[in-house]
Amino acid sequence: MKSLTKLALVAGIAISFTISSFAQGTAMEKKSLSGARAETMAQIDAAEKKFVSLAEATPQDKYGWRPGEGVRS
């Protein structure tokens with residue numbers, strides 16, 4: 001179960017970086033958004049901030065974790 005949690009964390013971080021690089025725009029583009037799209041962008045920005053702060057809080061040595069020999073990664 002612990003490895004599943006770590007896998008979800010790593011996947012979430014990867015998705016966050018992908019979404020953030022895709023979702024980045026100029027300030028003018030963000031100001032022109034309205035309705036559902038603006039709400040979605042706000043939610044993506046909030047999720048990005050949470051994932052980045054979680055990644056920064058995770059100790060560097062934990063990123064090299066691999067499952068034991070004979071365990072599917």
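The protein exposes about 6200 Å² of surface, and carbon and sulfur atoms supply 61% of it. Accessible areas come from the Shrake-Rupley method with a 1.4 Å probe, and for residues only the protein chains shown count as cover. This is a predicted model, where local features need pLDDT of at least 70, side-chain atom pairs count only at pLDDT 80 or more, and totals for chains, interfaces and linings use all residues. Residues are numbered from 1 along each chain as its sequence is written, and side-chain values use heavy atoms, with hydrogens and water left out.

**Overall fold**
- The protein has three helices and zero strands.
- Along the sequence, the pattern reads α-α-α.
- Helices (H or I, at least four residues) and strands (E, at least two) are DSSP runs, numbered from the N terminus.
- Of the 73 residues in the protein, 12% are buried.
- Buried means under 20% relative accessible area, exposed means over 50%, and partly exposed lies in between (1.4 Å probe, protein chains only).

**Confidence**
- The mean pLDDT of the protein is 78, and 71% of the residues score at least 70.
- pLDDT is the predictor's confidence in each residue, from 0 to 100.
- Among the elements, helix 3 has the highest mean pLDDT (93), while helix 2 (residues 27-31) has the lowest (55).
- Where pLDDT is low, the predicted coordinates should not be read in detail.

**Two residues of helix 3**
- Val 52 sits in helix 3 (residues 35-57).
- Val 52 counts as partly exposed because its relative accessibility is 25%.
- From Val 52 to Ile 13, the C-alpha distance is 7.4 Å, although 39 residues separate them in sequence.
- Lys 49 also belongs to helix 3.
- Lys 49 has a relative accessible area of 63%, so it is exposed.
- Lys 49 and Ser 16 are 33 residues apart along the chain, and their C-alpha atoms are separated by 8.9 Å.

**After helix 3**
- Thr 58 is found in the segment after helix 3.
- Thr 58 is buried because its relative accessible area is 18%.
- A polar atom of the Thr 58 side chain lies 2.9 Å from the backbone oxygen of Leu 54.
- Thr 58 touches Leu 9 and Tyr 63, leaving aside residues up to four places away in sequence.
- Contact here means heavy atoms within 4.5 Å.

Note on methods:
A polar contact is a pair of N or O atoms within 3.5 Å; within protein, one must be able to donate a hydrogen and the other to accept it, and residues adjacent in sequence count only if both atoms are side-chain atoms.
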